[in-house]
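Student: I have just opened a structure that is new to me. Could you walk me through how to read it?

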Amino acid sequence: HAHFCSEDKITVHFINRDGDKLTAKGKPGDSLLDVVVDNNLDIDGFGACEGTLACSTCHLIFEDHIFEKLDAITDEEMDMLDLAYGLTETSRLGCQICLKKSMNDMTVRVPETVADARQSVDMSKNS
Amino acid sequence: QDSRCGLTGAGYRGILCSLPGEKKEFLQNGPDLQDFVSGDLSDKSRWAEYKGNLKREKGERLHLPPWLKTKIPMGKNYNKLKNTLRSLNLHTVCEEARCPNIGECWGGGEYATATATIMLMGDTCTRGCRFCSVKTARSPPPLDPQEPHNTARAVAQWGLDYVVLTSVDRDDLPDGGAEHFAKTVLHLKERNPKILVECLTPDFRGDLKAVEKVALSGLDVYAHNVETVPALQRKVRDPRANFEQSIRVLKHAKEVQPGVISKTSLMLGLGETDEQIYATMKLLREADVDCLTLGQYMQPTKRHLKVEEYITPEKFKYWEKVGNDLGFHYTASGPLVRSSYKAGEFFLKNLVEKRKTKAI
């Protein structure tokens, strides 16, 4: 492996579905899917299609100021993103977003799945 | 070589030679690697003693319970099958989806009892479901027009009397590959009219004309997997798939080909409740699905869903009874049962023969 000094690394915080904060580092040019996989982050079923734009399991929600500066979305990404559960105004697919220096210390949120939402509804019904 | 303890092959042999006679004998007669990895499945009394956690807690990853450990496939028949497939450029779902039964099904006795599920239309799917490790791409390579012919030839070479054909999703093709499927069945039946063919199809995006094409191709069993209970469909499957659509596929196959046997499959252990499983089984029976298989979900790679629960062999047997009581012709239920697991095929073969003689 080539040696990268820590100054080249970009820190990303992931807020997981259960609210846990996972912090990981990546190199410029790594996709957010790369970051999750390379750091073995505990995000269930993330990146099922291995970044080929054939699923929406790497759906992430970005902070406004980060979202605005992201590269424009392609039609292919849009097709898959449209199918994602819990879509927001600042949603993108993690496999298409590559790290830039300006993203250092950003926080991204892993959206709930349908099952998660159902469970929280059930639990509030019981309380 | 074992790089962890720093021994090379030569170093290891050297150590062996320097052992006293009795130790050497002990090493030679004692357990070898194969014994360790075989998992000792035959000792079923041990399963009840298993004290490991079966239901996943937050942040945990469950360990594999003993009843799910299988032998590493090896042997002449296994290799023979593998070579036949390779030489004809065919793909099996057994390999692509890392099925734990591959050793058992492929290695079974003479060729005639060996079973493989052939995957048509390549090894690359247009969807990325969270439970499946088959490769994915937006535009997989074009279909091999020789495939229907090659498949028929390979199956004839094997002398198989029951073959399962399945495929990846091909949302990139206008008919989802239905014509290709149908052609394969036709060729198979041409070469051997007695052969029993089961097709495990995609949902063709709900295109019922495509379903019809396959259903009328001459097959004996029409299978399509609902995969999980309705509440978990969105979490487990690609969003382009859903329960209602899958039910429609199964119903339609029977509508256009009343003699056909329909079949579906459920994976357990993804977080479903008993109530949900029962309700789903009822829905399936109401849709006149004939055969049901239930198996344990196993996480194929770290990019896929974690196992939420390992269901015990006893619980699987319970679901088998429920299925039988609900009136399915056959319920194959067990941790390692998969849609085309060999045990079901034997029974189905009898069932189809029964139906044929009844019809006469």
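Tutor: Gladly! Let us begin with chain B, where eight strands make up an open sheet with mixed pairing, in the order β1-β2-β5-β6-β7-β8-β9-β10. Please keep in mind that this is a predicted model.

Student: Which strands of chain B stand at the edges of that sheet?

Tutor: To find an edge, look for a strand with a single partner. In chain B these are β1 (91-92) and β10 (330-333); each has a single partner strand, so one side of each is left without a neighbour in the sheet.

Student: How many bridges join β7 to β8 in chain B?

Tutor: Three bridges join them: β7 covers residues 221-223 of chain B, β8 covers residues 261-268, and the two strands run parallel.

Student: Which strands does helix α8 of chain B lie across?

Tutor: Helix α8 (residues 147-158) lies across β2 (117-120) and β5 (162-167) of chain B, and its direction is at about 170° to β2(B).

Student: What is the strand order in the sheet of chain A?

Tutor: Read across the sheet from one side to the other. The order is β2-β1-β5-β3-β4, five strands in an open sheet with mixed pairing. Its edge strands are β2 (21-26) and β4 (91-93) of chain A, each of which pairs on one side only. From one strand to the next, the twist averages 35°.

Student: In what sense do β3 and β5 of chain A pair?

Tutor: β3 (residues 59-62) and β5 (residues 106-109) of chain A are antiparallel, with two bridges between them. There, A:Phe62 is opposite A:Val108 in β5(A).

Student: What is the mean pLDDT of chain A?

Tutor: It is 88, and 84% of the residues of chain A reach 70 or more. Over residues 122-127 of chain A, however, the pLDDT is below 50, and this stretch has zero contacts in the model beyond near neighbours in sequence.

How values were computed: Residues are numbered from 1 along each chain as its sequence is written. Chains are lettered from A and ligands numbered from 1 in the order in which they are written. This is a predicted model: local features need pLDDT of at least 70, side-chain atom pairs count only at pLDDT 80 or more; totals for chains, interfaces and linings use all residues. Side-chain values use heavy atoms; hydrogens and water are left out. Two strands pair if DSSP finds at least two bridges between them. Helices (H or I, at least four residues) and strands (E, at least two) are DSSP runs, numbered from the N terminus. Axes are lines fitted to C-alpha atoms, for helices over the stretch in contact, and angles run from 0 to 180 degrees between N-to-C directions. pLDDT is the predictor's confidence in each residue, from 0 to 100. Contact means heavy atoms within 4.5 Å.
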